[in-house]
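Dear colleague,

I am handing over the structure shown below, together with an account of what was found in it. Please read the notes with the structure open beside them.

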Amino acid sequence: MENEKSSPFGDQHGAFGVQSSGDTSGFGGVVKVAPTFGSSQRPFGSYFDDLADDLERAFSDFRYGIEKIVVDRGELTIHVAAKYLVAVATTLRDNLKFEFCLGVSGVHYPDDHGRELHAVYPLLSMTNNQRVRLEVSVPDANPHIPSLVDIYPGNNWHERETFDMFGIIFDGHPALTRILMPDDWQGHPQRKDYPLGGIPVEYKGATTPAPSERRSYR
Amino acid sequence: MSQSNLYNDYASSRETTEGRIYDVTGSDWDSLVNEIGASKEERVVVNMGPQHPSTHGVLRIILELEGETVKEARAGIGYLHTGIEKTTEFRTWTQGVTLVTRMDYLAPIFNETAYCLAVEKLLNITDQIPEKASVIRVMMMEFNRISSHMVALGTGALELGALSPMIFAFREREKVLDIFEMFTGLRMNMAFVRPGGVAQDVPEGGIEKVRETVKYLRKNFKDNADLLIGNSIWVARTKGIGYLDLAGCTALGITGPVLRSTGLPWDLRKTQPYCGYENYDFDVVTTDSADVYGRFLVRMNELEQSLRIIEQCADKLEKLSGAPVMVEDKKIAWPAQLSVGADGMGNSLDHIREIMGTSMESLIHHFKLVTEGFRAPAGQAYAAVESPRGETGVHVVSDGGTKPYRVHFREPSFNNLQSVAAMCEGSMIADIIAAIASIDPVMGGVDR
């Protein structure tokens with residue numbers, strides 16, 4: 001487990017998102033340092049301590065496979081190394097009764113160097129009425145995460161969506177194709193480097209840029 | 001050859017690398033059957049949709065048939081993808097409500113509430129939401145559950161050839177939409193639930209109107225019940241059809257009425273209460289037949305439970321007259337004081353008078369909050385509500401800015417639609433319609 005604090009976000013300069021126009025506000029020199037996150041310290045509170053203990057007992061590679069355990073806002077997030085994801089999910093399903101997986105949500109952190117793409121799996125135990133979140137991060141250069149379809153068949157479409165939107169490749173998925181975008185689409189739209197699109201709107205001689213190109217607060 | 005020429009104007013055919021393809025547009029089935037009967041292929045691939053009226057919007061089902069038996073069924077989606085999740089990343093937290101309400105357009109209040117619960121978790125203000133705001137949220141959600149179930153029942157029956165239930169169901173739904181219009185100014189996509197509370201207080205005469213509507217609905221729900229429950233044709237079309245047991249539901253991540261039709265009383269309102277659902281007296285409806293008829297009964301009986309909750313909401317609201325409906329924190333409570341005027345919802349005249357006439361600080365504050373918005377502390381949160389179709393889960397990530405870093409909706413329709421193959425393969429082609437109707441997918445939610 002890592003104890004160092006790190007941030008998936010980058011530092012932000014200036015008060016406004018888009019820098020194209022001259023910033024006369026006087027806030028151009030503002031630097032907002034990225035917030036950092038680290039492993040939470042025990043006791044975690046709620047059922048989280050027992051859950052972490054049970055997982056440590058049942059999962060032999062706990063030391064290598066679990067990167068961080070974060071308790072924030074009453075929710076438990078277990079950061080898992082991609083290599084161990086299937087083993088952790090199997091343990092959670094078979095030994096800790098997390099029989100339900102609510103899909104996967106991708107997040108793109110371009111400033112989290114070496115781990116730009118995150119996949120977030122909310123799990124639910126109906127037997128024990130508990131929730132836990134698994135988070136896996138992989139580098140953009142090698143975006144491979146093992147598929148959970150064998151363990152949670154309902155993740156089939158969710159993984160296809162995350163592939164479609166972020167370009168994360170789920171190894172072992174039975175048919176990893178695009179699901180929402182057309183089959184011949186180029187690029188992965190939910191990534192931060194993918195433009196929102198939209199066209200400038202002309203109004204009485206002046207032009208309003210597309211929403212993603214407008215100066216806006218951060 | 002001469003025979004196929006005779007029908008060329010109808011089911012035209014062409015040779016492709018995939019085999020012979022027929023274009024069928026309706027009323028030309030006879031010619032198609034004649035053509036196919038002559039070919040030696042036993043399996044026929046039929047593309048149903050995406051413009052088929054009984055596929056609930058733009059859903060495409062690819063069927064492999066042997067005679068009238070479905071050997072393989074695959075769903076094709078994405079025809080209504082509008083990139084709402086991406087768009088939220090370029091708007092403030094509050095503006096996000098206006099976007100997410102358009103996802104599952106039959107359950108807008110649920111989208112809004114789930115999103116707001118997640119944002120409130122990010123802001124760490126879950127405990128500060130005023131009681132009255134939660135009561136109004138619960139009441140609106142239950143009304144929305146009724147209107148959504150009415151569409152599910154009405155269109156479901158319509159697709160199986162029963163016209164009258166649809167007429168009655170839409171009549172009842174209209175009454176619910178009247179309530180929405182009175183409370184929010186809009187019939188759908190209201191953007192009524194906001195981070196921190198709800199957009200406005202109960203309008204004058206609102207509670208009386210609610211009581212009147214509950215009375216009306218309770219009396220009129222009987223019409224549909226009398227038409228369908230025990231109706232031998234309806235039973236023949238739905239009983240034992242689209243079977244999916246508890247193990248299947250768990251594996252496929254199915255929630256909502258489909259899960260409850262297997263006998264498992266899993267309802268987030270009871271198991272993981274939010275918005276104060278633990279303070280209401282109601283039952284979780286289940287059946288154990290795990291088929292289309294069972295799901296129909298679950299929805300039918302949930303209507304009465306929703307009415308029970310609404311009555312309790314009305315009682316609570318009477319006692320809470322004059323209580324706030326937004327968090328106290330003026331840095332979050334956006335926008336200030338709305339009211340329904342003759343032309344819909346807008347800023348109340350009192351508020352306009354204050355910011356334009358008496359207080360420059362109020363004007364600055366209003367301007368900053370509306371254009372810049374509030375900042376949510378960095379981190380992530382997941383919130384879930386029991387929508388009419390199952391668990392609507394929202395995963396939000398904030399980098400500490402005024403806009404979401406990522407919003408992801410775990411839409412129950414999207415997930416549940418995966419079960420089409422499990423429910424339909426091996427059944428007759430006509431049963432597919434019944435099975436899909438029992439899943440009740442809304443394509444706006446599926447594709448987002």
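B:His395 is found in strand 11 of chain B, which covers residues 390-398. Please bear in mind throughout that this is a predicted model. With a relative accessible area of 3%, B:His395 falls under the 20% limit and is therefore buried. In chain B, the side chain of B:His395 makes a polar contact with that of B:Gln380, at 2.7 Å. Leaving aside neighbours within four places in sequence, the residues in contact with B:His395 include A:Val107, A:Val120 and A:Arg133 from chain A, and B:Tyr382, B:Arg406 and B:His408 from chain B.

Two of these residues, A:Arg133 and B:Gln380, lead on to A:Thr77, which touches both. A:Thr77 has its place in strand 4 of chain A, residues 75-80, and is buried, with a relative accessible area of 3%. The side chain of A:Thr77 makes a polar contact with the side chain of A:Arg133, at 3.3 Å. Not counting residues up to four places away in sequence, A:Thr77 also touches A:Lys68, A:Ile69, A:Val70 and A:Glu135.

**A sheet in chain B**

In chain B, 3 strands form an open sheet in the order 3-4-5, with antiparallel pairing. Strand 3 (43-48) and strand 5 (69-76) of chain B stand at the edges; each has a single partner strand, so one side of each is left without a neighbour in the sheet. On average, neighbouring strands of this sheet are turned by 20 degrees against each other, direction ignored.

Strand 4 of chain B, residues 60-66, is joined to strand 3 by 6 bridges and to strand 5 by 7 bridges. B:Leu65 shows both pairings: it is the bridge partner of B:Val44, and it stands opposite B:Val70 in strand 5 of chain B. Strands 4 and 5 of chain B form a hairpin with 2 residues between them, and B:Gly67 in the turn has a positive phi of about 65 degrees.

Helix 18 of chain B (residues 429-439) lies across strands 3, 4 and 5 of chain B, running at about 150 degrees to strand 4.

**Cavities**

The structure holds 6 cavities of 30 Å³ or more, and the largest cavity has a volume of about 120 Å³. Of the 13 residues that line the largest cavity, those closest to its centre are B:Gly156, B:Trp234, B:Val292, B:Ala437 and B:Ser438. Helix 18 of chain B is among the elements that give two or more residues to this lining, as are helix 9 (232-238) and helix 13 (292-319) of chain B. Helix 6 of chain B gives the most, with 4 residues.

**Backbone points to check**

Most residues other than glycine have a negative phi, and most peptide bonds are trans.

- The peptide bond from A:Arg42 to A:Pro43 is cis, with omega near -5 degrees; A:Pro43 lies in the loop between strand 2 and helix 1 of chain A.
- B:Cys275 has a positive phi of about 50 degrees although it is not a glycine. B:Cys275 lies in the loop between helix 12 and helix 13 of chain B and counts as buried, at 11% relative accessibility.
- B:Ala290 has a positive phi, near 55 degrees. B:Ala290 is in the loop between helix 12 and helix 13 of chain B and is buried, with a relative accessible area of 3%.

With kind regards

Key: Residues numbered from 1 in each chain as written. Chains lettered and ligands numbered in written order. Predicted model: local features only at pLDDT ≥ 70, side-chain atom pairs only at ≥ 80, totals over all residues. Heavy atoms only, no water. Buried < 20%, exposed > 50% of the residue type's maximum accessible area, 1.4 Å probe, protein only. Polar contact = N/O pair within 3.5 Å; in protein donor to acceptor, adjacent residues only side chain to side chain. Contact = heavy atoms within 4.5 Å. Pairing = 2+ DSSP bridges. Axes fitted to C-alpha atoms, helices over the stretch in contact; angles between N-to-C directions. 1 Å grid on protein atoms, 1.4 Å probe; cavity = no way out; pocket = protein on both sides within 12 Å on 5 of 7 lines; lining within 4 Å. Points joined across faces, edges and corners; volume = space filled by probe spheres on them.
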